[in-house]
Amino acid sequence: MEAILLVGGQGTRLRPLTISTPKPLLPTAGVAFLAHQLARAHAAGVDRIVFATSYRAEMFEAAFGSHAYGVDLAYVSERRPLGTAGAIRNAAKALTCSSNEPVLILNGDILSGHDVTAQVSVHEKAGAAVTLHLVEVEDPSRFGCVPTDADGRVTAFLEKTNHPVTDQINAGCYVFRRDAIDTIPEDEVVSVERETFPGLISSGAVVMGYVESGYWLDVGTPQAFVRGSCDLVLGRIASAAMPGDPGERLILDGAVVSPRAVVRDGTTVGRGAEIEAGATVLGSVLQDGAFVAEGATVRDSVVGRGARVGPGATLDGVILGDGALVGPGNELRDGLRLWPGIALPPTAVRFSTDA
Ligand code: GTP
């Protein structure tokens with residue numbers, strides 16, 4: 001089976017990490033996020049993937065070349081971002097399958113343990129134009145919701161509301177019959193959720209929902225990104241692409257971690273990164289060359305490439321851009337982000353390791 005992988009978004013919610021690296025290429029449990037998706041797609045029987053690129057397009061081919069994780073790869077770039085459906089239409093130029101075959105469409109920021117083979121089988125049995133993976137969530141009011149009838153056929157695409165009629169939401173993985181992609185207008189900005197799916201439904205096409213609520217995470221926000229990385233390290237979702245066995249921590253080559261530091265809850269310590277004695281790092285991502293000094297505490301945070309956390313400083317739910325510096329004793333919390341290269345001076349209260 002062939003697939004199209006949507007990877008052209010700017011990843012604005014993950015800035016400043018996405019200034020230098022597109023979201024799908026951010027290091028996640030030791031490898032680019034997409035590596036986990038490629039390995040999972042291969043396991044589901046996908047043998048060729050077309051990347052739909054736009055933002056920093058050249059970085060994808062440089063990262064994966066023409067074959068990776070058992071899958072042949074092709075790249076199609078948009079001259080201007082065409083939105084999710086426009087990107088599918090544009091990338092379909094590079095598909096080789098025939099008009100009635102299924103094509104898997106994956107969002108480049110979803111970590112999902114669902115059974116793709118079962119989704120394809122629902123699609124084929126129903127002779128559907130499109131079959132969407134749907135997940136049930138506790139609070140559907142934060143998303144648009146997708147009701148289905150007794151046969152599993154999608155009846156509507158509803159905008160966000162405080163009173164959703166179902167807890168099913170679009171999980172961002174679709175099976176399109178190849179010729180259904182050709183109903184999307186060419187070279188126009190089009191959204192699958194706002195235009196393509198509602199349009200197919202109102203034209204009477206069969207749009208099916210495949211409901212499976214196993215492990216599913218959209219890693220588009222800083223909090224979710226950190227959680228996804230830690231879940232992979234902890235083995236809450238299996239990935240053949242992870243360099244190492246699941247456990248409390250993943251320590252990459254050349255990293256130096258003091259035996260007197262506490263590092264757990266799925267933390268990744270990047271290549272050449274260093275954690276000093278008395279530091280505590282919980283459920284976080286330290287990118288290559290990051291440094292956490294003695295007595296510092298880092299929790300639920302990302303420390304960018306070469307960024308430094310000074311002695312006794314605290315980070316909780318924070319993103320440090322590449323090369324940022326947090327001086328001794330500072331306390332940063334709750335979604336704060338430091339842009340690359342910013343340096344916070346030490347706090348006036350002197351930090352003492354003897355305390
Ligand atoms: P935010 O800016 O933080 O919302 O992230 P994003 O740019 O990734 O947008 P969003 O999460 O809505 O995108 C869902 C998926 O579609 C991601 O995998 C994006 O890379 C991809 N995507 C979004 N817009 C485009 C586009 O115009 N072209 C292409 N090729 N992919 C897109």
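The ligand takes up the space of the largest pocket in this structure. The model is predicted.

**Ligand shell**

Around the ligand stand 19 residues. Among the closest are Arg-13 and Glu-78. By class, the shell holds six nonpolar, nine polar and four charged residues. Helix α4, residues 83-91, gives the most to this shell, with three residues.

| Residue | Protein atom | Distance to a ligand oxygen |
|---|---|---|
| Thr-12 | side-chain N or O | 2.6 Å |
| Leu-6 | backbone N or O | 2.7 Å |
| Gly-83 | polar backbone atom | 2.8 Å |

Taken alone, the ligand exposes 620 Å². The protein buries 81% of that area.

**Backbone geometry**

Most peptide bonds are trans, and most residues other than glycine have a negative phi. Some spots here depart from that pattern.

Arg-15 and Pro-16 are joined by a cis peptide bond, with omega about 5°. Pro-16 sits in the loop between β1 (2-6) and α1 (17-20).

Ala-29 is not a glycine, yet its phi is positive, near 50°. Its place is the loop between β2 (27-28) and β3 (31-32). Is Ala-29 buried or exposed? Ala-29 has a relative accessible area of 1%, under the 20% cut-off, so Ala-29 counts as buried.

Tyr-69 also has a positive phi, about 50°, without being a glycine. Tyr-69 belongs to the loop between β5 (67-68) and β6 (71-77). Its relative accessible area is 33%, so Tyr-69 is partly exposed.

Definitions and conventions
Residues are numbered from 1 along each chain as its sequence is written. This is a predicted model: local features need pLDDT of at least 70, side-chain atom pairs count only at pLDDT 80 or more; totals for chains, interfaces and linings use all residues. Side-chain values use heavy atoms; hydrogens and water are left out. A residue is near a molecule or strand if one of its heavy atoms lies within 4 Å of it. A polar contact is a pair of N or O atoms within 3.5 Å; within protein, one must be able to donate a hydrogen and the other to accept it, and residues adjacent in sequence count only if both atoms are side-chain atoms. Accessible areas come from the Shrake-Rupley method with a 1.4 Å probe; for residues, only the protein chains shown count as cover. On a 1 Å grid over the protein atoms alone, a cavity is a set of points where a 1.4 Å probe fits but cannot get out, and a pocket is an open set with protein on both sides within 12 Å along at least five of seven lines; lining residues have an atom within 4 Å of a point. A molecule sits in a cavity or pocket if more than half of its atoms lie within 2 Å of its grid points. Helices (H or I, at least four residues) and strands (E, at least two) are DSSP runs, numbered from the N terminus. Ala, Val, Leu, Ile, Met, Phe, Trp, Tyr, Cys and Pro count as nonpolar, Asp, Glu, Lys and Arg as charged, and the others, Gly among them, as polar. Buried means under 20% relative accessible area, exposed over 50%, partly exposed in between (1.4 Å probe, protein chains only).
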